[in-house]
Amino acid sequence: MPNWDPEAFENNMIADMRAHGGQVTQGPLAGHPLLVLTMTGARSGQPRRAILTYTRDNGDYIVAASAGGSPKDPVWLNNLRANPNVTIEAHTKTSSATARIVGDAEQGPLWAAHVAELPHFAEYPKKAGRLIPIVRLTPQQST
């Protein structure tokens with residue numbers, strides 16, 4: 001069996017998204033609303049990317065730092081804590097954005113709305129044994 005290459009998997013998914021107006025048409029994430037988040041690595045200072053499922057709230061993109069229900073936060077969350085200035089590619093638009101981990105007052109309603117649109121997220125808090133942080137990505141400009 002050949003070795004799995006996560007970078008090649010991501011590159012192929014991004015190419016599929018770009019070829020189909022931002023929609024993934026094949027593989028396990030086909031049909032899911034996905035965006036490409038590009039950020040600066042907290043330690044390296046180098047560009048890093050993550051492909052994330054999202055929902056929308058008042059023009060912002062809402063992502064859950066679930067790491068698929070892992071007990072640990074995803075690495076990209078620490079990158080956002082260190083540098084909240086990011087780039088989002090969704091549909092056919094690329095936008096500069098600001099990332100903000102939401103506070104307690106927003107957490108519950110945004111989590112409920114996220115799970116309502118993406119029911120598979122409902123099991124993640126129990127599976128992870130932690131509160132799943134919610135991140136609000138506020139676009140600044142489109143290119």
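Two strands are taken to pair if DSSP finds at least two bridges between them. Helices (H or I, at least four residues) and strands (E, at least two) are themselves DSSP runs, numbered from the N terminus. The structure is a predicted model, in which local features need pLDDT of at least 70 and side-chain atom pairs count only at pLDDT 80 or more, while totals for chains, interfaces and linings use all residues. Residues are numbered from 1 along each chain as its sequence is written, and side-chain values use heavy atoms, with hydrogens and water left out.

Strand S5 (residues 85-90) and strand S6 (residues 93-101) run antiparallel and are joined by 6 bridges. Within this pair, Asn85 has Thr98 in S6 as its bridge partner, and Glu89 is bridged to Thr94 in S6. S5 and S6 form a hairpin with 2 residues between them. His91, in the loop between S5 and S6, has a positive phi of about 60° although it is not a glycine.

Another positive phi value in a residue other than glycine, near 50°, is found at Asn58. Asn58 belongs to the loop between strand S3 (55-57) and S4, and its relative accessible area of 76% makes it exposed.

The interior may be considered next. In soluble globular proteins, nonpolar side chains tend to be buried together. A nonpolar core is here a set of buried Ala, Val, Leu, Ile, Met, Phe, Trp, Tyr and Cys residues joined through side-chain atoms within 4.5 Å. The largest such core has 19 residues, of which Leu35, Leu37, Trp76 and Leu137 touch the most other members. At least two residues of this core are supplied by each of strand S1 (34-40), S2, S4, H2, S5, S6 and strand S7 (134-142). Apart from it lies another core, of 12 residues, including Ile62, Leu110, Val115 and Ala128. Contact means heavy atoms within 4.5 Å. Not counting residues up to four places away in sequence, Leu137 touches Leu35, Leu37, Asp60, Tyr61, Val63, Val86, Ile88, Thr98 and Ala99.

Ala64 is part of strand S4 and counts as buried at 7% relative accessibility. Leaving aside neighbours within four places in sequence, Ala64 is in contact with Trp76, Trp111, His114, Phe121, Ile132, Pro133 and Ile134. The C-alpha atoms of Ala64 and Leu77 are separated by 9.6 Å, the two residues being 13 residues apart along the chain. Ser66 lies in the loop between S4 and helix H2 (75-82) and is buried, with a relative accessible area of 5%. Beyond four places in sequence, the contacts of Ser66 are Phe121, Tyr124, Arg130 and Ile132. Ser66 and Lys127 are 61 residues apart in sequence, yet 9.9 Å apart in space, C-alpha to C-alpha. Asn79, in helix H2, also counts as buried, at 8% relative accessibility. With neighbours within four places in sequence left aside, Asn79 is in contact with Met39, Thr40, Gly41, Ala42 and Arg48.

Finally, there is the open space. A pocket is an open set of points on a 1 Å grid over the protein atoms alone, where a 1.4 Å probe fits, with protein on both sides within 12 Å along at least five of seven lines; lining residues have an atom within 4 Å of a point. Grid points are joined across faces, edges and corners, and a volume is the space filled by probe spheres set on the points. The largest pocket has a volume of about 420 Å³. Of its 23 lining residues, Leu29, Ile51, Leu52, Thr53 and Trp76 are the closest to its centre. Helix H1 (6-19), strand S2 (47-53) and strand S4 (60-64) are the elements that give two or more residues to this lining. S2 contributes the largest share, 5 residues. The lining divides into 17 nonpolar, 4 polar and 2 charged residues, where Ala, Val, Leu, Ile, Met, Phe, Trp, Tyr, Cys and Pro count as nonpolar, Asp, Glu, Lys and Arg as charged, and the others, Gly among them, as polar.

Methods:
Buried means under 20% relative accessible area, exposed over 50%, partly exposed in between (1.4 Å probe, protein chains only).
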